[in-house]
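Here's a quick briefing for anyone meeting this structure for the first time. Take a look at it, then read on.

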Amino acid sequence: MATKKQLLLDRIGGDAALELAVDKFYHKNVAHAEVARFFEGVDMQLLRAHQFKFMKLAFTEIPEGVDVVGMLEKGHSRLFAMGLNETHFDVIASNLVETMQELGVAADVINDAVAVVGPLRSIFENKAKQQVA
């Protein structure tokens, strides 16, 4: 029997719904004054594709042996050097929740998505502390 987490992608609406969510999500991020600078000069098509793959992985089942922390730290290293921290994570997470609400995703599904994404906040908090140390 599949677990609730394994079904999260389907509960969101599958690949097509996730792709639409990622697109709307990045429109919000690029337009948000607190985080827009992190997207300057970035190939947004490539970033959207990468984000889709990451969220699809996170909203299904992360295979054993995948180093999510290392993956996020490496993928955001340039941004950590620019001052990326947990407050920026909060903005991005809020944009994700808002996007899902606008797309009509049920509240319990959004809560389950937040339960997957929320624990990643500590990575951004810890890396920000390391940048100042």
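Rings of Phe, Tyr and Trp (its six-membered ring) pair if their centres lie within 6.5 Å; planes under 30 degrees apart count as stacked, over 60 as edge-to-face and the rest as tilted. With that in hand, Phe 25, Tyr 26 and Phe 39 make up one aromatic cluster. Keep in mind that this is a predicted model, where local features need pLDDT of at least 70 and side-chain atom pairs count only at pLDDT 80 or more, while totals for chains, interfaces and linings use all residues. Numbering starts from 1 along each chain as its sequence is written, and side-chain values use heavy atoms, with hydrogens and water left out.

**Aromatic rings**
- By the pairing rule, you get four aromatic pairs.
- Phe 25 and Tyr 26 have ring centres 5.1 Å apart and planes at 65°, so they sit edge-to-face.
- Both Phe 25 and Tyr 26 are buried (under 20% relative accessible area with a 1.4 Å probe, protein chains only; exposed is over 50%, partly exposed in between).
- Phe 89 and Phe 124 make a tilted pair, at 5.2 Å centre to centre with 40° between the planes.
- Phe 89 belongs to helix 6 (residues 86-102) and Phe 124 to helix 8 (residues 121-132), so this pair ties together parts that are 35 residues apart in sequence.
- Phe 89 and Phe 124 are buried too.

**Overall build**
- The chain has eight helices and zero strands (DSSP runs numbered from the N terminus: H or I of at least four residues for helices, E of at least two for strands).
- Of its 133 residues, 36% count as buried.
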